[in-house]
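Thank you for making time this morning.

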2 protein chains.
Amino acid sequence: MLKLKRVAIDTQGENVAFMARNCAVYRPEEFQALKKIEVQHAGHTLLASLMIVDDDSIIAVDQLGLSEQAFARLGGKAGDAVCIAPAEPPKSLDYVRLKIHGSTLEAHQLEEIISDIAAHRYSEMEIAAFLVSSAGFMTTGEMLALTRAMSQVGNRLTWKAPCVVDKHCIGGIPGNRTSMIVVPIVAAHGLPIPKSSSRAITSPAGTADTMEVLARVDLSMQAMRTVVEDCGGCLVWGGHVNLSPADDVLISVERPLGIDTREQMVASIMSKKMSAGSTHLLIDIPVGATAKVHNNGDAMRLRKLFEYVGREVGLHVDVVTTDGSQPIGRGIGPVLEARDVMAVLSNQPDAPADLREKSLQLAGALIENDPALVGGSGYARARQLLENGEALKTMNRIIDAQGRQTATIAPGGLTKDILAHRSGVVTAIDCFRMNRLARLAGAPLDKGAGIDLFHKVGDRVSAGEPLYRIHACFESDFGFAAAYADENTGYCLGDER
Amino acid sequence: MLKLKRVAIDTQGENVAFMARNCAVYRPEEFQALKKIEVQHAGHTLLASLMIVDDDSIIAVDQLGLSEQAFARLGGKAGDAVCIAPAEPPKSLDYVRLKIHGSTLEAHQLEEIISDIAAHRYSEMEIAAFLVSSAGFMTTGEMLALTRAMSQVGNRLTWKAPCVVDKHCIGGIPGNRTSMIVVPIVAAHGLPIPKSSSRAITSPAGTADTMEVLARVDLSMQAMRTVVEDCGGCLVWGGHVNLSPADDVLISVERPLGIDTREQMVASIMSKKMSAGSTHLLIDIPVGATAKVHNNGDAMRLRKLFEYVGREVGLHVDVVTTDGSQPIGRGIGPVLEARDVMAVLSNQPDAPADLREKSLQLAGALIENDPALVGGSGYARARQLLENGEALKTMNRIIDAQGRQTATIAPGGLTKDILAHRSGVVTAIDCFRMNRLARLAGAPLDKGAGIDLFHKVGDRVSAGEPLYRIHACFESDFGFAAAYADENTGYCLGDER
């Protein structure tokens, strides 16, 4: 038996075990080729990747170390007696191998895979193998089964109202914080909209990050329910209510690998919405050269996949394609985006018109789901609720109900203006580069970091005029971001037509 | 700038960097989602996966730690100043993504992928993505380009002789140590056979592990050349002469994932043989229910792939299919296998007949490549060289030239006989289970660990009679192996026909 030790190394979710090379009980090198071991403690087992340690201040010969996350998952305490054994790979890996070699998987096989992934029994390379094998080829039947399997693990919300609406954007567009405007409008109208959002994984801000500038977002399921009952809507972080643990694990590998396939995207989004208990869902697909979807043909194929799954699982789905040719609004990064959102909700004259208009379109489409409304009047109703201040009032009630942030966070104090290198017209803004730039500047980790855009597509600029401003809070980030912008501003300037 | 620190953690080849969460210069959490950072030191850069440390005895706020392998690769010393930057993913990952989405890759794209993999610029999950994407579908053209790309990285041997022979078995059969008999026979005949072999990755012994019981195998390229010039052949460890560094990295991920596709196998084997400078290659494909290849149809398809690549790269290839229905010889594990090999070479009457016969067949086929020999007399010549003691004499010269082991290693002292649970005839022995059992017993790490088979297919046994003996050197291994054998002996016993 070895003594359990917590090793204060954060392995980003993967279970990692540490053993001394000269371990008194086992010989870790035997387990090294297969990389995984099974850790046994008080009737619980845990699969972990193995690292061998040659430093007894980290791991002594009579200790078994576990990374922070693995230690928490095993549920033991330091010094507890643990055994190890050669890991039997999860049986569901056989199904992954079938898929690699071209098989179509049955629903129960996908369920086992997803259940093992959610229980952290897959290593990162095994998760990558599953993702890549199904990125190559996946039937609509498999996509549907994957959606159902993912919605079955984790928590599930249920609501009493007959019509519970939700919206979701497939992402990729910087500054696109429409949810924070749509939710208060729709809630003000009276349709329940219990919105749970993600934090940024590789983007500079998720809705949860930006909302957190204004209010707490890490609510329990019960607290979330209370906010929705009181205010008609909420804007909370979905990760905290654990609606889709399998998706959280899959995304942690999918994003660094940079693979983003239609079927996996649909399964990911639809499974979360099933768990959230929505009845009517609006999907926003931005289309543009630097967006996730590049043309209307691809958007159409994606729309049909959403509609197919929606019909099969009994969730009403509307899909809209929107302009994804450039960032929405001006700010990119939590504080700057929150500023834009509040400017729109407060009807400030200089509020970004594109963010306002897109939010009204989406809110209008959601309000159309209200049977009491005359068909076609959703947009006008949304506009009325925005202009008469009801939406702002509802937003403030939601903020207070979730827990208003008392500190006001300013944009990052390290700033650099990126200048036009020539006079002309802005012909394109690269969404991918703007996201990466704001991320390098420190967003979302620093709420105040990001980019403030001074010009959008169609604007005329003079040589030397600032195109946008970088805000950062830390010197190292500021340096990374400035170097990236100097290499390529992300703006295309052309001649006037 | 941070101070470089060697962290004595063995990450099995992957570059891993460690930073304190409260690092004085950078904020590691920013880099966490993309998992990789670039480490810069004295004009060198290194890509590494990032782990965040909350224990300043492991990593202080002004330090950057690197795992043992990464530290060695960067080439700095403890305390050196290092910078980090967000990692730009290797450009070749774009080609992996193309492959994932169904493209056929160009030769130069595969070259870039292989060059980046050999230079340790891919993380394990990225290697898994490449392997799985090409396991799903790979044209023969891609397989050929992959073979060439893999042979281009690493060292390359050249020989003056017009005919340099080599043999290779695709593996999977326990105890199948024919190379150690074939090499001395062929060398005694006078054909140069510079054999480099692998160590076991997930099997209980590679030829290099078993040869190491008798002689040193970690020879430099120059020492290997001298042995071949003096003795006509050698039996060295290929990993030490670095003939195929890309293959070494790929295999380290392929094996734990358990994916083993035809095209990758052919590219792996053929690239190594190209680098080894062979002109005539004999491939052994064992066929059997628990072998890697299950039937003659699959063996035929695999044969054609080997022949195609051989023709294109100018390497003469002969492929033989052999009986892979059960282990070859009696011993499984380095010491027990070396005992069998020496018994055959010494013409001991109780030497395993199947190992002797198979080795003679393979040696005969290789000798047929000698233009001076009358066609069809290779087998007789091989048998003559074995029976007249020339093969044994050559083996002893090779052992002395490589460096004879002075210590004699005994089989592991912890033993357990596994008994027949009924009387009957042995109808099958599971190669997969026998490999795993010998591995659990401690082979190849303990040279003396393994299994000694007392009965083979066709033998009659009585209930309670020992089928085989497990040898182990450590209590923990002995326990794992005994439990595995108790669960299922790996032997099928049936009624006499």
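Let me begin in chain B, where B:Arg262, B:Glu263, B:Val266, B:Met270 and B:Met274 of helix 11 meet B:Arg301, B:Leu302, B:Leu305, B:Phe306, B:Val309, B:Gly310 and B:Val313 of helix 12. Sorted by class, this contact of helix 11 with helix 12 of chain B is made of eight nonpolar residues, one polar residue and three charged residues. Before I go further, please keep in mind that what we are looking at is a predicted model.

Two packed helices are described by the angle between their axes and by the distance between those axes. For helix 11 (residues 262-275) and helix 12 (residues 296-313) of chain B, the angle is about 40 degrees and the axes are 10 Å apart. The crossing of helix 11 and helix 12 of chain B is right-handed.

Let us move to the place where the two chains meet. The contact takes 50 residues from chain A and 50 residues from chain B. Several elements of chain A each supply at least two residues to the side that touches chain B, including strand 5 (44-53), helix 3 (92-100), helix 10 (245-257) and helix 18 (475-487). Which element of chain A gives the most to that side? The answer is helix 5 of chain A, with nine residues. On the side of chain A that touches chain B, the residues divide into 27 nonpolar, eleven polar and twelve charged.

Strand 5 of chain A and strand 2 (residues 9-10) of chain B run antiparallel and are joined by two bridges. In that pairing, A:Ile52 has B:Asp10 of strand 2 of chain B as its bridge partner.

As a reminder, strands of a sheet pair through backbone hydrogen bonds, either parallel or antiparallel. Chain B lets us look at a sheet of each kind.

In one open sheet of chain B, three strands lie in the order 8-11-12, and their pairing is parallel. Strand 8 (165-169) and strand 12 (316-323) of chain B are the edge strands, each pairing on one side only. From one strand to the next, the twist averages 20 degrees. Strand 11 (residues 280-287) and strand 12 of chain B run parallel and are joined by eight bridges, and B:Leu281 stands opposite B:Val317 of strand 12. Helix 14 (residues 353-367) of chain B packs on this sheet, where it touches strand 8, strand 11 and strand 12, and its direction makes about 150 degrees with that of strand 11 of chain B.

In another open sheet of chain B, three strands come in the order 17-15-19, and here the pairing is antiparallel. The edge strands are strand 17 (460-461) and strand 19 (491-494) of chain B, and each of them pairs on one side only. Strand 15 (residues 424-429) and strand 19 of chain B pair over four bridges, and B:Ile429 has B:Tyr491 of strand 19 as its bridge partner.

I will finish with some details of the backbone. A cis peptide bond joins A:Ala443 and A:Pro444, with omega at about 5 degrees, and in chain B a cis peptide bond joins B:Ala443 and B:Pro444, with omega at about 0 degrees. A:Pro444 is found in the loop between helix 17 (431-440) and strand 16 (450-453) of chain A.

A:Gln12, which is not a glycine, has a positive phi, near 60 degrees, and this residue lies in the loop between strand 2 and strand 3 (16-20) of chain A. Is A:Gln12 buried or partly exposed? It has 18 C-beta neighbours inside 10 Å, so A:Gln12 counts as partly exposed. A:Gly238, by contrast, has 24 such neighbours inside 10 Å and therefore counts as buried.

Terms used: Residues are numbered from 1 along each chain as its sequence is written. Chains are lettered from A and ligands numbered from 1 in the order in which they are written. This is a predicted model: local features need pLDDT of at least 70, side-chain atom pairs count only at pLDDT 80 or more; totals for chains, interfaces and linings use all residues. Two strands pair if DSSP finds at least two bridges between them. Axes are lines fitted to C-alpha atoms, for helices over the stretch in contact, and angles run from 0 to 180 degrees between N-to-C directions. A crossing is left-handed if the near helix is turned anticlockwise from the far one by less than a right angle, and right-handed if clockwise. Two residues are in contact if their C-beta atoms, placed from the backbone, lie within 7 Å. Ala, Val, Leu, Ile, Met, Phe, Trp, Tyr, Cys and Pro count as nonpolar, Asp, Glu, Lys and Arg as charged, and the others, Gly among them, as polar. A residue is buried if 20 or more other C-beta atoms lie within 10 Å of its own, exposed if 12 or fewer, and partly exposed in between; C-beta atoms are placed from the backbone.
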